[in-house]
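Biologist: I am new to this structure and would like to go through it in short questions. Please show it first.

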Amino acid sequence: MSDPRPQTHPLARQLSAVASVTAQAAGAVGGLATLLCLVLVAYSVGARYLAGLPQPWIDKAAGWLVVGLVLLAAPEAQRRFEHIGVDVITERLTGRAARVMRLVGTLSVALVAGILLSAGLEAVAFSRMIGIMTEIEGVPVWWIQAMLPLGSALLLVVALAQSAILLLGQDPDYMPDGADELPRDTLARGE
């Protein structure tokens, strides 16, 4: 993992800070969701196998927490460029062509995040309008669905900040430079 690169443009520094705070806050909440999921599943296993008192609501809640933690981890993965990417193309490019491809990548993430945000907002509005409830008493479906627009909005902020930094001629924090890559022959031999 490479260190964040220093920014020289003041707006780039501000955008990096916004992306960092946004992604790290989302990641922290995602971490809490992970811990809560672990505690709930451990409690469920103990209740089911030690006390003979299965708690079916925990399975639903744990599933929702997993969805939430994935959506909340996506902004930090994007900020660190640790997401799935088409490195076959970008690692062969240098200079302006590499910058353009990285910009296309961050804008593509922003576009997908925008689409997910719009779809999530529509789903939440529809569920609220008709009052759909989950199988767990007192928990409306829209509470769960709200994780999609929330995670998407946070991902959108990070991807747009990275795109703007690239447009300013700067490198976003953690932009891959190929130095962390393992030699291909090592990977082929499984070392």
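Biologist: Which residues line the second largest pocket?

Modeller: The model is a predicted one. The second largest pocket has a volume of about 160 Å³. The residues that line this pocket are V29, L32, A33, L36, A61, W64, L65, G68, L69, L72, M147 and L150.

Biologist: Which element gives the most to the lining of the second largest pocket?

Modeller: Two or more lining residues of the second largest pocket come from each of α1, α2 and α6. With six residues, the element that gives the most is α2.

Biologist: How many helices and how many strands does the protein chain have?

Modeller: Read along the sequence, the pattern of the protein chain is α-α-α-α-α-α-α. The count is therefore seven helices and zero strands.

Biologist: What share of the contacts with a separation of 6 or more joins residues 24 or more positions apart?

Modeller: The protein chain has 191 residues, of which 34% count as buried. Among contacts in the protein chain with a separation of 6 or more, the share made by residues 24 or more positions apart is 76%.

Biologist: How far apart are the end C-alpha atoms of helix α2?

Modeller: Helix α2 runs over residues 56-79, which is 24 residues. At 1.5 Å a residue, α2 should span 34 Å. The distance between its end C-alpha atoms agrees with that figure, at 36 Å.

Biologist: Where does α2 bend?

Modeller: The bend in α2 is about 30 degrees. A proline, P75, follows within four residues of the bend. The residue at which α2 bends is A73.

Biologist: Which elements are included in what covers the buried residues of α2?

Modeller: The buried residues of α2 include I58, W64, L71 and P75. E76, Q78 and R79 are also among the buried residues of α2. What covers the buried residues of α2 includes α1 (10-49), α4 (95-130), α5 (141-145) and α6 (147-167).

Biologist: Is R79 buried or exposed?

Modeller: R79 is found in helix α2. Leaving aside residues up to four places away in sequence, R79 touches A19, S20, A23, Q24, V158, Q162, D173 and Y174. The relative accessible area of R79 is 4%, so R79 is buried.

Biologist: Which residues are linked with E76 in a network of salt bridges?

Modeller: Side chains of opposite charge can pair when their charged atoms come close. E76 forms a salt bridge with R79, where the closest N and O atoms are 3.0 Å apart. E76 also forms a salt bridge with R80, with the closest N and O atoms 2.4 Å apart. The residues linked with E76 in the network are R79 and R80.

Biologist: About how many helical turns separate E76 and R79?

Modeller: Both E76 and R79 are buried. The two residues are three apart in helix α2, so the separation is about one helical turn.

Biologist: What is the relative accessible area of R80?

Modeller: E76 is buried, with a relative accessible area of 15%. Its salt-bridge partner R80 is partly exposed, and the relative accessible area of R80 is 21%.

Biologist: Which residue meets K60 in a salt bridge?

Modeller: A search of the whole structure finds five salt bridges. In one of them, at 4.0 Å from N to O, the side chain of K60 meets that of E135.

Biologist: How many residues apart in sequence are the parts that the K60 and E135 pair ties together?

Modeller: K60 is in helix α2 and E135 is in the loop between α4 and α5, so the pair ties together parts of the chain whose separation in sequence is 75 residues. K60 is partly exposed, with a relative accessible area of 38%, whereas E135 is exposed at 62%. The sequence separation asked for is 75 residues.

Biologist: How far apart in space are E135 and P56?

Modeller: E135 and P56 are 79 residues apart in sequence. From C-alpha to C-alpha, their distance in space is 9.9 Å.

Biologist: What is the phi of F81?

Modeller: F81 lies in the loop between α2 and α3 (87-90). At 16% relative accessibility, F81 counts as buried. F81 is a residue other than glycine, yet its phi is positive, near 55 degrees.

Notes
Residues are numbered from 1 along each chain as its sequence is written. This is a predicted model: local features need pLDDT of at least 70, side-chain atom pairs count only at pLDDT 80 or more; totals for chains, interfaces and linings use all residues. Side-chain values use heavy atoms; hydrogens and water are left out. The expected span of a helix is 1.5 Å times one less than its number of residues. The bend at a residue is the angle between axes fitted to the seven residues ending there and the seven starting there. Buried means under 20% relative accessible area, exposed over 50%, partly exposed in between (1.4 Å probe, protein chains only). Contact means heavy atoms within 4.5 Å. On a 1 Å grid over the protein atoms alone, a cavity is a set of points where a 1.4 Å probe fits but cannot get out, and a pocket is an open set with protein on both sides within 12 Å along at least five of seven lines; lining residues have an atom within 4 Å of a point. Grid points are joined across faces, edges and corners, and a volume is the space filled by probe spheres set on the points.
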